[in-house]
Amino acid sequence: MILGKFDHSVEFTVPAAPDRVFPLLCPMLEYRWIPTWRCELLHSDSGVAEEDCVFRTDFPGAGPMTWVVTCYQPAKRIEFCCFVAERFVMRLKLTLVPESGGTRLTWTRRWLSLGPQGDAWLAGQTAAGLDRMIETRRAELVHFLETGDMLKP
């Protein structure tokens, strides 16, 4: 039985076409534009994001997370399912829509608790905190798209 859940969605525009933005939404290519990004690639036939790509992260506060790319539609949509043992499952959906001068990017997450540890973790999450994290990702992505360089923290 799933105990708690938490949904969060943010939408913003970046100054590049979807075919330029989409490849950067990849566990290996995020090293180019996210200064704090670290992952271990566990499975990928191509070496980059693709359907069934599997990787692991271990960030403070979240702990070891195993990610699977569950939907891969170049320049349109990429979806991930992420598992944190004994705590939660998280789905991340990123959709890209072309707009004049750029791409509207929608970043949607849903966390589902797996028990008391997950409920406690979810209780500590706030929309404001997640908005700040996504704003940081937006700023990093925009800076990279505009300059080709990583935004230094």
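Arg138 is partly exposed, with 23% relative accessible area (buried means under 20%, exposed over 50% and partly exposed in between, using a 1.4 Å probe and protein chains only). The model is predicted, so local features need pLDDT of at least 70 and side-chain atom pairs count only at pLDDT 80 or more, while totals for chains, interfaces and linings use all residues. Residues are numbered from 1 along each chain as its sequence is written, and side-chain values use heavy atoms, with hydrogens and water left out. Seven strands form an open antiparallel sheet, and helix H3 packs on that sheet.

**Helix H3**

- Helix H3 covers residues 127–147, 21 residues in total (helices, H or I, of at least four residues and strands, E, of at least two are DSSP runs numbered from the N terminus).
- From first C-alpha to last, H3 reaches 30 Å, close to the 30 Å expected at 1.5 Å a residue (the expected span is 1.5 Å times one less than the number of residues).
- Buried residues of H3 are Leu130, Ile134, Arg137, Glu140, Leu141, Val142, Phe144 and Leu145.
- These buried residues pack against strand E1 (5–14), helix H1 (18–21) and strand E7 (102–113) (contact means heavy atoms within 4.5 Å).
- Gly148 follows H3 and has a positive phi, near 80 degrees.

**Sheet and the helices on it**

- The strand order is E1-E7-E6-E5-E4-E3-E2, with antiparallel pairing (two strands pair if DSSP finds at least two bridges between them).
- E1 and strand E2 (40–43) stand at the edges with a single partner strand each, so one side of each has no neighbour in the sheet.
- On average, neighbouring strands of this sheet are turned by 20 degrees against each other, direction ignored (axes are lines fitted to C-alpha atoms, for helices over the stretch in contact, and angles run from 0 to 180 degrees between N-to-C directions).
- Strand E4 (residues 63–73) pairs with strand E5 (residues 77–84) in the antiparallel sense over seven bridges.
- Gln73 stands opposite Arg77 in E5.
- Helix H2 (residues 116–123) lies across E1, strand E6 (88–99) and E7, and runs at about 140 degrees to E7.
- H3 touches E1 and E7 of the sheet, and its direction makes about 30 degrees with that of E1.

**Nonpolar core**

- The largest nonpolar core has 42 residues (such a core is a set of buried Ala, Val, Leu, Ile, Met, Phe, Trp, Tyr and Cys residues joined through side-chain atoms within 4.5 Å).
- Met65, Trp67, Ile78, Phe80, Met90, Trp111 and Leu141 have the most contacts inside this core.
- E1, E4, E5, E6, E7, H2 and H3 each supply at least two of its residues, and H3 gives the most, with six.
- Leaving aside neighbours within four places in sequence, Trp111 is in contact with Gly4, Lys5, Phe6, His8, Phe88, Val89, Met90, Trp121, Leu122 and Leu130.
- Leu92 is found in strand E6 and counts as buried at 6% relative accessibility.
- Not counting residues up to four places away in sequence, Leu92 touches Trp67, Ile78, Glu79, Phe80, Trp107, Thr108 and Arg109.
- The C-alpha atoms of Leu92 and Cys81 are separated by 6.4 Å, with the two residues 11 apart along the chain.

**Salt bridges**

- The structure holds seven salt bridges (a side-chain nitrogen of Lys or Arg within 4 Å of a carboxyl oxygen of Asp or Glu).
- Glu11 and Arg104 meet in a salt bridge at 3.9 Å, N to O; the pair links strand E1 with strand E7 across 93 residues of chain.
- Glu99 and Arg104 form another, at 2.8 Å, N to O.
- Arg104 is partly exposed at 26% relative accessibility, as is Glu99 at 32%.
- Within helix H3, Glu135 and Arg138 are three residues apart, about one turn of the helix; their salt bridge has its closest N and O atoms 2.7 Å apart.
- Glu135 counts as partly exposed at 38% relative accessibility.
- Shared partners join Glu11, Glu99 and Arg104 into one salt-bridge network.

- Most residues other than glycine have a negative phi.
- Asp52, in the loop between E2 and strand E3 (54–59), has a positive phi of about 75 degrees and is partly exposed at 46%.
- Glu86, in the loop between E5 and E6, has a phi near 65 degrees and is exposed at 57%.
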